[in-house]
Amino acid sequence: MNFLSLFVLIPVLMMLGLWFSRNIRQIRGVMVAGASALLALAVSLVFLYLERRAGGDTSEMLFTDNRMWYESLNIGYAVGVDGISVVMLLLSAIIVFTGVFASWRMQVLTKEFFLWYCLLSVGVFGFFISLDLFTMFLFYEVALIPMYLLIGVWGSGRKEYSAMKLTLMLMGGSALILMGILGIYFGSGGTTLHLIELSRLNMPLEMQRIFFPLTFIGFGVLGALFPFHTWSPDGHASAPTSVSMLHAGVLMKLGGYGCFRVAVYLMPEAAAEQAWFFLLLTATGVVYGAFSACVQKDLKYINAYSSVSHCSLVLFAVLMMTQTAATGAILQMLSHGLMTALFFALIGMIYGRTHTRDIRKMSGLMKMMPFLSVCYVIAGLANLGLPGLSGFIAEMTIFVGSFEVNDTFHRVLTILATTSIVITAVYILRLIGKILYGKVENTGHPKLTDATWEERFTLICLIVAIAGLGLAPWGVSNMIGDSILNIIIK
């Protein structure tokens, strides 16, 4: 078996273990063992990848395997990773691992919840290792389907409405992706669905002009592309804590990754020609998301609209098609994945104690929940781009790389996008001042408790990862540098 297939096999084995579990203790044991194995596997992959590169292996993809599934349509199980895939697998493993502890006290249909959680993980990991477009699309769908039940059954608020809205909009995006994949396949001669082989066939520009927007919008729906982002705030607001962490931290990255790996990589001429239109949309999304976060009163909606802004920034950087901006896009995906997972974990913990997410009903939490409050401050500072944390290096790299494009249109849009930094600082600092440092007169819960051991463990893991990326970003940027060059400069 190929080494990378373990990323799919382990969650499947976790599902099998859950099926035979008889009590909450066994369920927790299976989830911790499986999530720990995935994290260890992802960390091992990082070292193995670096070792192969240091040994002089210049292959575009490493640890590859290609087994034919359906020969008449050239559909195969093709897997492989480059530096971008490796860091996305590591991000996914971190979020899955911490999400298990964030759901430690799940009481309602616990086994069923974690079964769907594992199935979602199968889709996420399978997507990032896939090199065959059909296999990639298959895992993409596997990752989307569990979201309906995870929100509709275990969510809160208008959960049925949110789950249905999310599912319908993402399925619409999937239809566009499928049309794009079929167009790429037949437009390139109908001989292969392998990503690397397709990139060498030079699809005719006339075909690229038709199928690039379909593919980019299809993946962009999941990546919160304006104006197709409206499912995201409702979905985040209704999802349970660990699902929000995995949804915003990893699942939305499938959209940015797909836009970069499939749309731009396979149709670069059309991407360069049509980028101006999508740059207008993404720049609008960056500013719109930040402004929308300013006027929200619900903690989850604030973070959800903040995610719209940050994910739009990823697509904005991808469309600049420079190495520096593309590096920033990958760093932003990592940074936002960790930050938003930390935010949603904290919001779930605060909601579990105060039984409200309305910021008008909260104040003085620092005096009652000091550990959770300090972690919230750290998350907020990372979100607004404090130097030393992951948000700063990611956004700085994006804006420097975007400003490298030497024409008025791109530079004006870049300046417009940078205003989101100021807007983010406004709503983050106002939020921290309101709910953490106000007078203790609000909650009706005078004996609020601080974080439990599993909550502290979850938060510390995410904060360490955020600080590590912020203090030593060269480790990631060096790993993904050659991979980005292969995509931007074919």
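A pocket, in the sense used here, is an open set of grid points where a 1.4 Å probe fits, with protein on both sides within 12 Å along at least five of seven lines. In this predicted model, the largest pocket holds about 550 Å³ of space. Its lining is made up of 27 residues, and Ala-102, Met-106, Pro-240, Thr-241 and Gly-348 sit nearest the centre. The top contributor is α13, with seven residues. Sorted by class, the lining of the largest pocket comes out as twelve nonpolar, nine polar and six charged residues.

Next comes the second largest pocket, with about 470 Å³ of space. Here 20 residues form the lining, and those closest to the centre are Leu-90, Ile-94, Ala-465, Leu-469 and Val-476. Two or more lining residues come from each of α2 (24–54), α3, α13, α18 and α19 (474–488). As for class, the lining of the second largest pocket has 17 nonpolar residues, three polar ones and no charged ones.

Then there are the cysteines. A disulfide is a covalent bond between the sulfur atoms of two cysteines, and the structure turns out to hold zero of them. Cys-375 is in no disulfide either, as the nearest cysteine sulfur, in Cys-461, is 11 Å away. Cys-311 is buried, at 4% relative accessible area, and Cys-375 also counts as buried, with 4% relative accessibility.

Technical notes
Residues are numbered from 1 along each chain as its sequence is written. This is a predicted model: local features need pLDDT of at least 70, side-chain atom pairs count only at pLDDT 80 or more; totals for chains, interfaces and linings use all residues. Side-chain values use heavy atoms; hydrogens and water are left out. A disulfide is a pair of cysteine sulfur atoms within 2.5 Å. Buried means under 20% relative accessible area, exposed over 50%, partly exposed in between (1.4 Å probe, protein chains only). On a 1 Å grid over the protein atoms alone, a cavity is a set of points where a 1.4 Å probe fits but cannot get out, and a pocket is an open set with protein on both sides within 12 Å along at least five of seven lines; lining residues have an atom within 4 Å of a point. Grid points are joined across faces, edges and corners, and a volume is the space filled by probe spheres set on the points. Helices (H or I, at least four residues) and strands (E, at least two) are DSSP runs, numbered from the N terminus. Ala, Val, Leu, Ile, Met, Phe, Trp, Tyr, Cys and Pro count as nonpolar, Asp, Glu, Lys and Arg as charged, and the others, Gly among them, as polar.
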